[in-house]
2 protein chains.
Amino acid sequence: MRLVIARCSVDYAGRLSAHLPLATRLLLVKADGSVLVHSDSLSYKPLNWMSPPCVLSTVEPDEEQTEAGVTEVWKVAHAKTADLLVISIHEILHDSSHALGHDPGLQKDGVEAHLQKLLAEQIELLGDGYRLVRREYMTAIGPVDILATDAAGASVAVEIKRRGDIDGVEQLTRYLELMNRDPLLAPVSGVFAAQEIKPQARTLAHDRGIRCVVLDYDEMRGLDDSHSRLF
Amino acid sequence: MRLVIARCSVDYAGRLSAHLPLATRLLLVKADGSVLVHSDSLSYKPLNWMSPPCVLSTVEPDEEQTEAGVTEVWKVAHAKTADLLVISIHEILHDSSHALGHDPGLQKDGVEAHLQKLLAEQIELLGDGYRLVRREYMTAIGPVDILATDAAGASVAVEIKRRGDIDGVEQLTRYLELMNRDPLLAPVSGVFAAQEIKPQARTLAHDRGIRCVVLDYDEMRGLDDSHSRLF
DNA sequence: GACTGGATCTCGTAC
DNA sequence: GTACGAGGTCCAGTC
């Protein structure tokens with residue numbers, strides 16, 4: 001990764017035309033050749049950029065550009081499309097390169113895993129007297145998201161999805177079939193819990209005697225104190 | 001703007017939970033307090049970030065963290081929501097700060113200006129015998145995008161929009177009223193040109209005797225050679 | 001490979 | 001302020 005702080009102007013021609021007047025900015029050249037132009041505010045999104053695969057070439061400024069104060073011109077061309085990013089550099093204030101190595105990448109515990117954790121902690125949301133047996137209860141065909149017991153002590157298998165679709169109902173149905181063959185567990189009833197349940201999924205679930213529960217993620221997060229552990 | 005290259009792990013808790021295992025990354029702290037975490041590939045989007053308004057505080061690692069090799073912990077808290085980004089730094093390999101000053105921001109010559117330029121160059125798209133008089137033809141209430149003449153030599157005012165909405169038709173109507181009072185120009189007919197024209201706008205335009213022309217941006221760009229000038 | 005839908009979407013603009 | 005639509009959308013999944 002190469003970090004350059006430079007006074008520069010930038011032109012982009014591709015799906016649109018855009019221009020950045022002369023100012024001091026960060027030029028970020030990544031190992032894959034991609035280039036990002038960042039200003040000192042307005043986070044997240046670069047002012048301008050070129051996505052990989054692309055090729056950076058440095059060329060000498062022509063006479064006109066030299067007179068205008070340009071010392072160096074970067075041309076970043078996309079390898080497949082005609083997109084072109086031209087960075088006209090007037091002055092380089094900082095230039096350093098760094099070997100970062102491979103990045104293992106982002107792990108999104110994401111919403112489904114988080115919902116599972118929250119619901120396990122707030123299992124009483126399913127009804128009075130409900131108690132958690134365990135998360136990720138293992139069966140021969142895979143783990144059930146949550147195994148609980150109701151007020152009468154009967155087993156309840158819970159399948160959690162962010163968006164409740166037919167697939168999720170089918171999945172829960174397979175678990176229920178299998179678990180109901182186990183005399184130690186049977187009878188096992190099913191709960192299909194999701195932030196949003198599609199009408200088709202709801203119909204199918206009801207048809208199979210599976211209860212549907214819509215989860216209010218924000219409210220559950222509000223009740224939860226786990227993210228305060230980071231403080 | 002502060003640039004830090006560091007071996008670090010990152011945790012985010014907010015609208016979702018996410019974790020970045022220990023690796024070497026770029027930490028970018030902007031003047032507005034926002035923080036971006038970038039890896040050396042996969043351009044454009046940071047691996048993780050915190051948007052302004054937010055507050056960065058540096059805290060000492062606790063005993064457990066120190067034993068794990070953490071030398072410094074950054075906590076970036078959003079000012080309004082409960083979003084929190086925690087960066088556990090194991091080693092700082094580079095650290096520099098730079099005053100960038102204000103950025104004039106991106107000028108999207110964008111599609112409308114580009115369409116205007118292209119249509120001026122390809123004015124015959126409006127019909128055989130059409131000729132360009134000038135772009136940005138000035139009137140008392142503002143510039144008309146394009147003034148042209150048709151095959152008979154009569155004046156034609158062209159309003160160009162990316163998306164043709166009712167507003168654009170109203171705008172062109174005002175220009176036409178004004179220009180038709182000028183005996184040197186009158187009679188002036190109107191053309192409403194856009195990549196996409198909404199049904200309501202089309203109806204209104206036809207009702208006022210204004211012709212609608214849908215522009216094929218890609219095709220016009222294909223005929224154009226101006227963006228090749230950048231090469 | 002094309003297609004589809006989600007996103008810590010972001011970013012405008014109209015209302 | 002909120003609501004709606006577009007984005008150089010990006011991105012990951014599926015067909």
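Contact, here and below, means heavy atoms within 4.5 Å.

A word on the ground rules: this is a predicted model, so local features need pLDDT of at least 70 and side-chain atom pairs count only at pLDDT 80 or more, while totals for chains, interfaces and linings use all residues. Residues are numbered from 1 along each chain as its sequence is written, chains are lettered from A and ligands numbered from 1 in the order in which they are written, and side-chain values use heavy atoms, with hydrogens and water left out.

Now zoom in on chain A. The domain assignment gives domain 1 (2-97) and domain 2 (110-224), with bounds that come from an automatic or database assignment. Taken over C-alpha atoms, the centres of these two domains of chain A are 51 Å apart.

Start with Arg2(A), whose side chain meets that of Asp95(A) in a salt bridge, 2.8 Å from N to O. The term stands for a side-chain nitrogen of Lys or Arg within 4 Å of a carboxyl oxygen of Asp or Glu. This pair ties together distant parts of the chain: Arg2(A) sits in strand S1 (residues 2-13) of chain A and Asp95(A) in strand S7 (residues 84-97) of chain A, 93 residues apart. Strands (E, at least two residues) and helices (H or I, at least four) are DSSP runs, numbered from the N terminus. Over all chains, the whole structure has ten salt bridges.

Most residues other than glycine have a negative phi, and most peptide bonds are trans. Leu42(A) is not a glycine, yet has a positive phi of about 55 degrees; look for Leu42(A) in the loop between strand S3 (35-38) and S4 of chain A. The peptide bond from Pro52(A) to Pro53(A) is cis, with omega near 0 degrees, and Pro53(A) lies in the loop between strand S4 (48-50) and strand S5 (54-59) of chain A. Over in chain B, the bond from Ala186(B) to Pro187(B) is cis as well, with Pro187(B) in the loop between H3 and strand S11 (188-197) of chain B.

Finally, the helices. In chain A, H3 (residues 166-179) and H4 (residues 199-207) pack at about 25 degrees with their axes 8 Å apart. (Axes are lines fitted to C-alpha atoms, for helices over the stretch in contact, and angles run from 0 to 180 degrees between N-to-C directions.) H3(A) and H4(A) are therefore roughly parallel, a label for angles under 35 degrees. From H3(A), Ile166(A), Val169(A) and Glu170(A) meet Gln200(A), Ala201(A), Leu204(A) and Ala205(A) of H4(A).

Key: Angles under 35 degrees count as roughly parallel, over 145 as roughly antiparallel, 65 to 115 as roughly perpendicular and the rest as oblique.
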